Amino acid sequence: MSAILNTMYNHYLTAYAPSGTTRYDTHKKSELRAVYNSIVKINKNTPWYLPVKKLDVQQFAIGLKEGARDLHNTIASLGGLEETDLLSKKTAYSTDSDIASVNYVGKYMVGEEDPSMELEVQELAVAQENMGNFLPAGKVGLSPDTYSFDININDMNYEFQFTLGENESNRDLQDRLARLINNSDIGLKAKVQDASGRSSLVLESEATGLTAGKKELFRVSDEHTSKSRGAVNYLGIDYTSRPASNARFTVNGESYSTASNSFTYEKKFDVSLHGISAEGHPVTIGLKTNVESLTDNVVQLTEGYNRFLQGTSNYLDSQPRSRHVVREMGQIISMYQDSLRAMGVSRQEDGSLTVDRTKLSNAVVSSEDVADTFHTLKDFSNMLLRKSNQISLNPMQYVDQTIVAYKNPNPGRNYANPYVSSAYSGMIFNGYC
C-alpha cells in the first residue's frame with residue numbers, strides 16, 4: 001500500500017505541481033496573522049458575487065496572483081522586505097563566468113571583511129547516459145505484440161508498455177518511445193540519435209553525480225515486467241555508455257566533491273560550475289562594489305517588473321479588467337518617471353523598463369546626495385512591493401464578476417465571510433490537482 005501511495009504522490013507532484021517556491025514564500029506567524037486580518041477586512045466590505053466558472057477567467061486570476069508573487073519575491077531577494085533593506089543586497093562576481101557563476105546569499109554586515117574564494121574545477125558532474133543499439137531504418141525485428149520494460153529511478157519503479165504494429169519501422173518505434181519517456185516526466189530525457197543511416201534511442205538522467213552507496217542513477221530491464229519481454233535487449237537501452245560521476249574542485253586549496261554542478265560555500269556564495277579551469281589558474285569569486293551591487297539590483301528589479309507586466313499584458317485581449325492592472329503599474333512609474341530617467345531607467349512604449357547601466361552607475365557616483373538617489377529607488381521599490389501585495393491578496397478585484405448583493409452600508413453590521421478567499425483557493429486546487 002505504501003508503494004502505491006508513493007507512486008501516486010510522485011505522479012501528481014511531477015505532473016501537476018505549481019511553480020516553484022523560494023525561501024521568501026515562508027512566513028512567520030505574525031506575517032500570516034497580518035495576511036489573515038487583511039483578508040477579513042476585505043471580505044467585510046466586499047459584495048457577494050456569482051462564482052466564476054469560466055476556465056480562462058480562473059487562469060487569469062491564478063496567473064495574476066502568481067505574477068504578483070514573483071514580483072514580490074524578486075523585490076524581497078534584493079535585500080529584504082523592510083524599507084531600510086530594499087535594494088541593499090550585495091552581489092557577487094566571478095572572474096570567469098564560463099567556468100563558474102555565483103550568487104551572493106549571505107547577510108552582509110557593514111564593516112566586515114568582504115568574503116572571497118579561489119576556485120579550481122577539475123571535473124564537472126555528469127549525468128548517466130544509456131545509448132541503445134544503432135538499428136537500420138527498416139522494419140522492427142520483433143514480433144507484433146504488447147511489450148513492456150521497467151525503469152528504476154529515484155528508488156521508484158516505472159513500467160512502460162507499448163504495442164508493436166505489423167509494419168512499424170525501427171525509427172518510428174524509437175521516436176514513439178522517446179516521446180513516451182519524455183512525457184512521463186520521471187527524471188529522464190530521451191532522444192533518437194542518427195549515425196550513418198542508423199538510429200539509436202538514447203536515455204539520459206536529468207540528475208548528475210552519485211550519492212554515497214549508489215552505483216547508478218537509473219536501470220532499464222524487462223526481466224520482471226508484466227508484458228512480453230525482448231524490447232530492452234533489441235533496443236539495447238540497458239547499456240550504460242556513460243556512468244554518472246561527481247564534480248571535483250578545490251576551494252582555497254581544499255578539495256571537495258559534489259553530486260551536482262552547484263554548491264553553497266559557507267552560507268555566503270551559491271556557485272554553479274560550467275567548465276573546467278586551467279591548472280594553476282583559479283577563478284576568483286568575491287563581492288562587487290556598492291555601486292555595482294546597486295546597479296545589479298536595479299536591473300533585477302526592472303526585469304521582475306517587466307515579467308509581471310508581460311504576463312498581465314498577455315490577457316489584454318481576453319480579460320478587459322487586466323487593463324486596470326497595467327494602468328495602475330503605469331501610474332507608479334509615472335510618479336517616479338523623471339527621477340528614474342535621470343538615473344538611466346527609461347520607460348518604453350510598451351510600458352516595460354530598460355536600464356542604462358553606465359548612466360545609472362555614473363548617476364550614483366556623481367550624485368551630490370547619494371542617500372537621496374538611493375531613497376528614490378527605495379521609494380519606487382516600496383510602491384511596487386505594496387502593489388504586488390495588494391494584487392496577490394485579492395486578484396479577484398481585477399476579474400469581471402456579477403454582483404449578487406451589496407453589503408449593509410451601516411458600519412459595524414457586516415461580518416467577515418470566506419467567499420473571496422475560498423473562491424480563489426478553489427481555482428488553485430482545480431488547476432493544480
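In the predicted model, helix H6 passes helix H7 in a left-handed crossing. Helix H6 spans residues 290-313 and helix H7 spans residues 322-342. Two packed helices are described by the angle between their axes and the distance between the axes. For H6 and H7, the axes come within 9 Å and cross at roughly 155°. H6 is therefore roughly antiparallel to H7, since angles over 145 degrees are assigned to that class.

The contact is formed on the H6 side by Tyr305, Phe308, Leu309, Thr312 and Ser313. On the H7 side, the residues met are Ser322, Val325, Val326, Met329, Gly330 and Ile333. Classified by residue type, this contact of H6 with H7 comprises seven nonpolar and four polar residues, and no charged residues.

Thr376 is located in helix H9, which covers residues 370-393. The relative accessibility of Thr376 is 16%, so this residue counts as buried, the cut-off for burial being under 20%. When residues up to four places away in sequence are not counted, Thr376 touches Tyr336, Ser339 and Met343.

Aromatic side chains were examined separately. Eight aromatic pairs are present in the structure. One aromatic cluster is formed by Tyr147, Phe149, Phe160 and Phe162.

Conventions
Residues are numbered from 1 along each chain as its sequence is written. This is a predicted model: local features need pLDDT of at least 70, side-chain atom pairs count only at pLDDT 80 or more; totals for chains, interfaces and linings use all residues. Side-chain values use heavy atoms; hydrogens and water are left out. Axes are lines fitted to C-alpha atoms, for helices over the stretch in contact, and angles run from 0 to 180 degrees between N-to-C directions. Helices (H or I, at least four residues) and strands (E, at least two) are DSSP runs, numbered from the N terminus. Angles under 35 degrees count as roughly parallel, over 145 as roughly antiparallel, 65 to 115 as roughly perpendicular and the rest as oblique. A crossing is left-handed if the near helix is turned anticlockwise from the far one by less than a right angle, and right-handed if clockwise. Contact means heavy atoms within 4.5 Å. Ala, Val, Leu, Ile, Met, Phe, Trp, Tyr, Cys and Pro count as nonpolar, Asp, Glu, Lys and Arg as charged, and the others, Gly among them, as polar. Buried means under 20% relative accessible area, exposed over 50%, partly exposed in between (1.4 Å probe, protein chains only). Rings of Phe, Tyr and Trp (its six-membered ring) pair if their centres lie within 6.5 Å; planes under 30 degrees apart count as stacked, over 60 as edge-to-face and the rest as tilted.
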